[in-house]
Amino acid sequence: MDWGMKNRFHRIIRPEDGRTVMLAVDHGYFLGPTTGLERFAETVVPLLPYADTLMLTRGALRNYIPPESDVPIVLRVSGGTSILNKNLLHEGIITSIEEAIRLNVVGVAFSILVGAEFERDTILNFTKVVDEAERYGIPVVAVTAVGRDMVKDVKYLSLATRMAGELGARIVKTYFCEGFEKVVETSPVPVVIAGGKKIPEKEALTMTYSAIEAGAAGVDMGRNIFQSENPVAMIRAVRAVVHEGYTGEEAYQLFEELKAGGGEE
Ligand code: 5RP
């Protein structure tokens, strides 16, 4: 890796432990005012001290995040369809690399829909973004397996993850599944898990622990943090699993303690 690529990569995957807590708040680009993000800045700004990176769209970044903030940004650059479209996530390129550079990002994120009717479109657009981003030393995070119709088992997730890595992703975001070790072992690049739809805090922390145990580099988690009854306590508990070796159970205890104390330091 060239210096710029290496530097940006390590502002996502922390060099101290090879892990990351990416906070995903990019949902508005297809879901609109997602539950928990209606008053975006109010929810997200207090979480910034605990996020290794923030994943979002250019509109959310410009309008809600203070430019004085030093949180590294991973910019969502795919989109084009909404939750109302039956071909949800038949995505194209929505933001140029020139714009990403202007926004001083450390990475860009693009969804590929392996196995969908339109997989070819999403994959060819993804590789265009990879070509352009690599020219400027910007890592591309491939987001895989989003969509209601996919059976998110180890066979499918290994296929989608490996393809993303071979096609040029520097990091792959996918879902946790039974047998996740295989997804990690057969990926050429670090793998992080999405949280998926909101589940009880204890389950989300247990899933995070299982993913880390299976070799994941961390999380790129959204709803299970910002829709938590205490988002600050939850991101701190997730951090404890990813960076401090807590088990799911220990992290849940921490969550409860932090929640009782209000979540803040
Ligand atoms: C869909 C996405 C999401 O917008 C988001 O990043 C997913 O995070 P979570 O499932 O943890 O809410 O990647 O393309």
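Is Glu134 buried, partly exposed or exposed? Glu134 counts as partly exposed, at 29% relative accessibility, on a scale where buried means under 20% relative accessible area, exposed means over 50%, and partly exposed lies in between (1.4 Å probe, protein chains only). The structure described here is a predicted model, in which local features need pLDDT of at least 70 and side-chain atom pairs count only at pLDDT 80 or more, while totals for chains, interfaces and linings use all residues. Residues are numbered from 1 along each chain as its sequence is written, and side-chain values use heavy atoms, with hydrogens and water left out.

Charged pairs come next. A search of the whole structure gives 17 salt bridges, a salt bridge being a side-chain nitrogen of Lys or Arg within 4 Å of a carboxyl oxygen of Asp or Glu. Glu134 takes part in one of them, meeting the side chain of Arg170 at 2.7 Å, N to O. Glu134 belongs to helix H6 (residues 119-135), whereas Arg170 sits in the loop between helix H7 (154-166) and strand S8 (171-174), so this pair ties together parts that are 36 residues apart in sequence. Helices (H or I, at least four residues) and strands (E, at least two) are DSSP runs, numbered from the N terminus. Arg170 is partly exposed, with a relative accessible area of 22%.

A second salt bridge joins Glu99 and Arg102, with 2.9 Å between the closest N and O atoms. Because these residues are three apart in helix H5 (residues 97-102), about one helical turn separates Glu99 from Arg102. Glu99 counts as buried at 6% relative accessibility, while Arg102 counts as exposed at 52%.

In another pair, Lys198 and Glu201 form a salt bridge whose closest N and O atoms are 3.6 Å apart. Lys198 is partly exposed at 30% relative accessibility, and Glu201 is buried at 9%. Elsewhere, salt bridges that share partners link Arg58, Arg62, Glu98, Glu99 and Arg102 into one network.

What, then, surrounds Asp220? This residue lies in strand S10 (residues 218-221) and is buried, with a relative accessible area of 0%. Leaving aside residues up to four places away in sequence, Asp220 touches several others, among them Met22, Leu23, Met55, Lys173 and Gly195, where contact means heavy atoms within 4.5 Å. The side chains of Asp220 and Lys173 are also joined by a polar contact of 3.3 Å. A polar contact is a pair of N or O atoms within 3.5 Å; within protein, one must be able to donate a hydrogen and the other to accept it, and residues adjacent in sequence count only if both atoms are side-chain atoms.
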